[in-house]
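Look at the model first, then read on.

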Amino acid sequence: MTAPSRGVALAGMLVALVSLPSRPARAASCCVSATAVGMGRLLNWERFAVGLQSAFVSGLGYFDLDGRWRRASAGYRDYQWRSDVWGLVDLTHHLTLAVDLPLILNYRAAGDLGSGVGGGVGDLQAGLRWDVLPVGGYANRPGFALSVAFTAPTGRATDTAVGHGDVVGAGVTGRGAWVLSAGAVLEKAADTWFLRCGLTLNVPLPMTRADTGASQRFGPGLAALLVAGGRLVEDLTLSGLVRLDWEHDVTLAGAVVPDSWVLDPGVGLALSWRVHPHVTLQTSLDTNLFVDWLGHNAPGRVTAALGLRYGHFR
Amino acid sequence: MPAVSRRSLRSSRPLPLLLGALLLAACGGADPVQGTLHVAVQTDPDPPVLGRNAVFVDVTSADGTPLDGLAVEVTPWMPAHGHGSTEQPIVEALGGGRYRAFPVTFFMVGDWQVTARASRGDEFGTSVTTYSIQ
């Protein structure tokens, strides 16, 4: 297919997309939060949803092993462009399949090592969400959902980069370990506002390092997320979020690596705009808090994201 | 020059170390983690920087005699991300119990732990030093 004909086909798809039969957007309590932040969840009447979220991540420094914030020196640059292609499918009543495939492009400049660009597919995530109590399904009762998921090491881990000339590690797109996750989400939604609390347990499985052959296991971790949002005007929702990620010490060759636990808190803002009953534009800003003791053994980053979501229903 | 801090992991946990030392003293044995050989580490440049560095490892016996002919490994490790470096250091013996590992490559900012391990038969010694690379 030539470039002009690809353009015509793309334009045709876009026209078809926005011309799909739709029902009016409902101003119900179930709707405010579903598309507010990231992948979110399916609206109660949607059969599936797909999305693309592109994020620019800038590494500004790190929290050291004593919890002190240290800004990176002038000779260091660490940028990442991450695009997540994701999908949600309504399998049966209240059961949703979620898939997220990240595509990653890195740029890193590190002192006398020079700079490098690399990337590729990141670590694939897939899971199931069971809405035990659907949001908005019961009067005066918050929604409650359970989820299980896994992360597959489809990305390129650092230990596989040794000896391939990628000295700044720009081609690293994953951690190299399978991860099993289980989570719970509690969500209270009114007509114009919502509050969501989520807690996820992540359990990485042991892996064998490609560079040394040693067995390694990332520590189990908890990820907590609190999101509160409200409708500014019709179809425009503003949300604020607080997140806290914690990970236990790494185990290497059967021994726990001291001080390798991670604490990574952050805050963010998100704006979502349902431009069409099927289509939502999303944007968000997430950042660490660059203050001593508000992090441990973790990079300090600012992430700006822009997303497009299409939800299908008849 | 970027500010770099260095500390021994053993000095960061006084209570467990004290208990461990008491236990060792009571048992009369060698430190099961650090071994019987004494391993001292020095970097070039000192303090180390973002990029490639050399690490000098001085190994002595319990009575302070420099030891040659040992197997020496130097391993950089970034605990924040759970990974090592993108380059494998090569160790050469300089004589007089001194060994040089190069390149010890810190390709990201953050805290790096450098483990130096020297061994000969059942004898070994280990040193773990943390460097903060900005």
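## Terms and basis

Cavities and pockets are found on a 1 Å grid over the protein atoms alone. A cavity is a set of points where a 1.4 Å probe fits but cannot get out. A pocket is an open set with protein on both sides within 12 Å along at least five of seven lines. Lining residues have an atom within 4 Å of a point. Grid points are joined across faces, edges and corners, and a volume is the space filled by probe spheres set on the points.

This is a predicted model: local features need pLDDT of at least 70, side-chain atom pairs count only at pLDDT 80 or more, and totals for chains, interfaces and linings use all residues. Residues are numbered from 1 along each chain as its sequence is written, chains are lettered from A and ligands numbered from 1 in the order written, and side-chain values use heavy atoms, without hydrogens or water.

## The second largest cavity

Six cavities reach 30 Å³ or more.

Strands here are DSSP runs (E, at least two residues), numbered from the N terminus. In chain A, β1 (48-63), β3 (76-92) and β18 (298-312) each supply at least two lining residues, as does β8 (110-120) of chain B. β1(A) gives the most, with five. The lining holds ten nonpolar, six polar and three charged residues. Ala, Val, Leu, Ile, Met, Phe, Trp, Tyr, Cys and Pro count as nonpolar, Asp, Glu, Lys and Arg as charged, and the others, Gly among them, as polar.

## The second largest pocket

This pocket holds about 270 Å³ of space. Of its 15 lining residues, Leu43(A), Asn44(A), Asp90(A), His94(A) and Asp131(A) lie nearest the centre. β3, β4 (95-110) and β6 (124-133) of chain A each supply at least two. The lining splits into five nonpolar, five polar and five charged residues.

## The interface of chains B and A

In contact (heavy atoms within 4.5 Å) are 33 residues of chain B and 40 of chain A. The buried area is about 2800 Å², with 55% from carbon and sulfur atoms. Buried area is the accessible area (1.4 Å probe) that two parts lose on being put together, summed over both. In chain B, Trp77(B), Thr86(B) and Gln134(B) lose the most area to chain A, together 20% of what that side buries.

How values were computed
Helix = DSSP H or I, 4+ residues; strand = E, 2+ residues; numbered from the N terminus.
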